[in-house]
Amino acid sequence: MKMSVIGCGYLGAVHAAAMASLGHEVVGIDVDPAKIEALAAGQAPFFEPGLPELLTENHDTGQLRFSTDVADAKGFAVHFIGVGTPQRRDGGGADLTYVDAAVRDLLPHLSPGDLVVGKSTVPVGTAERLAELIEPTGAELAWNPEFLREGFAVKDTIEPDRLVYGVRSQRAVDILDEVYAQAMSLDTPRIVTDYATAELVKTAANAFLATKISFINAMAEIAEVTGADVTQLADAIGHDVRIGRKFLNAGVGFGGGCLPKDIRAFSARAEELGRGESVAFLKEVDAINLRRRQRVIDLVKETLGGSAYLKRVAVLGLAFKPDSDDIRDSPALDVAVQLHGLGADVIAWDPEAVPNAGKAHPQLEFADNLEDVLRGAEAVVLATEWKHFRELDPVATKEAVATPIIVDGRNVLDPVAWREAGWTYRGLGRP
Ligand code: UDX
């Protein structure tokens with residue numbers, strides 16, 4: 001099929017490359033010339049495992065092109081909208097400027113019979129409003145949320161665990177089935193809904209995941225005042241298949257470009273709909289999550305004798321999660337910035353996110369590698385659970401630092417081994 005993908009960020013660039021690898025003819029469109037130039041040269045503008053390979057492969061076959069001109073979408077049968085919906089500056093709601101602009105710019109290039117497919121995460125009711133703009137052109141709108149996780153985006157796009165089509169006609173279902181023919185051949189569950197349900201599926205999924213993480217972090221808070229161990233608690237309750245062990249890792253909390261802004265946007269939308277109380281708990285989910293960052297900072301201060309002022313603190317990790325260079329709403333970066341604000345002599349390192357962190361926070365000091373970040377540290381904070389840090393050897397690491405103090409913000413180290421090696425070890429919700 002011939003398809004355009006409007007918006008080439010984390011979602012759109014991966015979607016475009018993945019669709020081309022499935023044999024479709026794809027044009028990716030974005031207003032950012034630097035991004036388009038990189039993608040057109042077969043380079044990924046951000047770190048995502050597997051994406052560079054797909055870009056090079058499709059670049060060579062000519063299945064995938066990139067452009068800054070939305071007019072290049074003309075003549076294509078399917079148009080995906082994959083632009084961002086960041087948090088508004090003046091509140092918690094979603095900023096729909098980019099979605100609205102993408103649709104408005106696409107309108108003059110639509111032909112009767114085209115299918116516009118929304119993938120961006122939007123407040124419920126958006127698709128209905130956009131359909132009124134699109135339908136007079138003779139094109140149709142479908143809402144097809146994506147659930148990709150950064151770090152696994154290529155796999156999640158090619159082999160999604162479910163497909164959700166919010167549609168108004170059987171024809172739209174048939175077109176989407178052809179788009180996703182490969183996933184359909186693998187018996188991927190496919191749920192056909194109306195617009196509102198499709199929009200809400202995405203919002204509800206992210207709200208649930210955020211709630212699950214904050215639930216276990218709330219248990220960590222209780223564990224901290226009772227001497228219990230939240231990691232054992234998570235293992236024990238996780239054996240109940242109704243609960244499940246996934247997304248029950250207590251630590252410095254969730255961040256990234258989705259979970260934090262999506263729960264805030266959901267609260268804002270529910271309030272607009274007069275149902276704020278239905279999701280009032282999401283404010284608590286957000287508050288618990290943010291408290292965990294403070295807890296890490298408090299542990300650093302406590303282990304340093306009450307103050308981090310002028311102390312050399314090594315922060316391991318800056319990305320919001322491993323296998324990503326994304327620093328949007330990253331708890332790790334936030335902890336580094338706040339410690340710096342307290343007068344600590346902070347040095348940070350991340351295998352991929354240093355360039356992005358340096359652009360956003362040039363006041364921080366960054367190391368070039370793991371060895372440099374550890375050298376002379378009076379306290380170490382493990383803030384993102386990259387493999388590099390999970391596999392640190394407590395004995396060798398002790399040689400590098402000035403004082404063997406470690407705050408494990410992700411609960412990924414073995415407290416026994418680290419204490420045996422002579423470290424002061426503190427986790428979150430662990431005795
Ligand atoms: C998320 C959703 O998983 C995905 O389906 C949606 O499409 C976009 O948002 P992503 O932001 O890539 O994906 O990250 P995810 O792997 O879900 O992790 C989110 C955050 O939660 C990270 O900061 C991670 O460190 C944190 N997390 C995750 C925990 O703190 N504990 C856990 O047990 C799991």
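## Domains and their contact

The model is a predicted one, and its domain assignment gives domain 1 (2–193) and domain 2 (208–427). Between the C-alpha centres of domain 1 and domain 2 there is a distance of 32 Å, and the contact takes 17 residues from domain 1 and 16 residues from domain 2.

The area buried between domain 1 and domain 2 comes to about 1,300 Å², with carbon and sulfur atoms giving 53% of that area.

## The largest cavity

Counting cavities of 30 Å³ or more gives two in this model, and the largest cavity holds about 110 Å³ of space. Its lining is made up of 13 residues, and those that lie nearest the centre of the largest cavity are Val-122, Pro-123, Thr-203, Ala-265 and Phe-266. The elements that give two or more residues to this lining are helix 9 (195–226) and helix 11 (259–272), with helix 11 giving the most, at five residues.

By class, the lining of the largest cavity divides into seven nonpolar, three polar and three charged residues.

Helix 9 supplies the largest share of the lining of the second largest cavity, with three residues. The classes represented in that lining are four nonpolar, two polar and three charged residues.

In helix 4 the buried residues are Val-99, Ala-101, Ala-102, Val-103 and Leu-106. The buried residues of helix 4 pack against several elements, namely strand 1 (2–6), strand 4 (78–81), strand 5 and helix 5 (126–134).

His-109 is found in the loop between helix 4 (97–106) and strand 5 (115–118). Because its relative accessibility is 16%, under the 20% limit, His-109 counts as buried. Once the neighbours within four places in sequence are left aside, the contacts of His-109 are with Val-70, Ala-71, Lys-74 and Asp-114.

## A loop residue towards the end of the numbering

Ala-421 has its place in the loop between helix 18 (415–420) and strand 14 (424–427). With a relative accessible area of 17%, Ala-421 is likewise under the 20% limit and therefore counts as buried. Neighbours within four places in sequence again being left aside, Ala-421 is in contact with Pro-394, Val-395 and Lys-398.

How many residues apart in sequence are Ala-421 and Leu-39, and what is the C-alpha to C-alpha distance in space? In sequence Ala-421 and Leu-39 are 382 residues apart, and in space their C-alpha atoms are 47 Å apart.

Methods:
Residues numbered from 1 in each chain as written. Predicted model: local features only at pLDDT ≥ 70, side-chain atom pairs only at ≥ 80, totals over all residues. Heavy atoms only, no water. 1 Å grid on protein atoms, 1.4 Å probe; cavity = no way out; pocket = protein on both sides within 12 Å on 5 of 7 lines; lining within 4 Å. Points joined across faces, edges and corners; volume = space filled by probe spheres on them. Helix = DSSP H or I, 4+ residues; strand = E, 2+ residues; numbered from the N terminus. Nonpolar A, V, L, I, M, F, W, Y, C, P; charged D, E, K, R; others polar. Buried < 20%, exposed > 50% of the residue type's maximum accessible area, 1.4 Å probe, protein only. Contact = heavy atoms within 4.5 Å. Domains from an automatic or database assignment. Buried area = accessible area lost by both parts, 1.4 Å probe.
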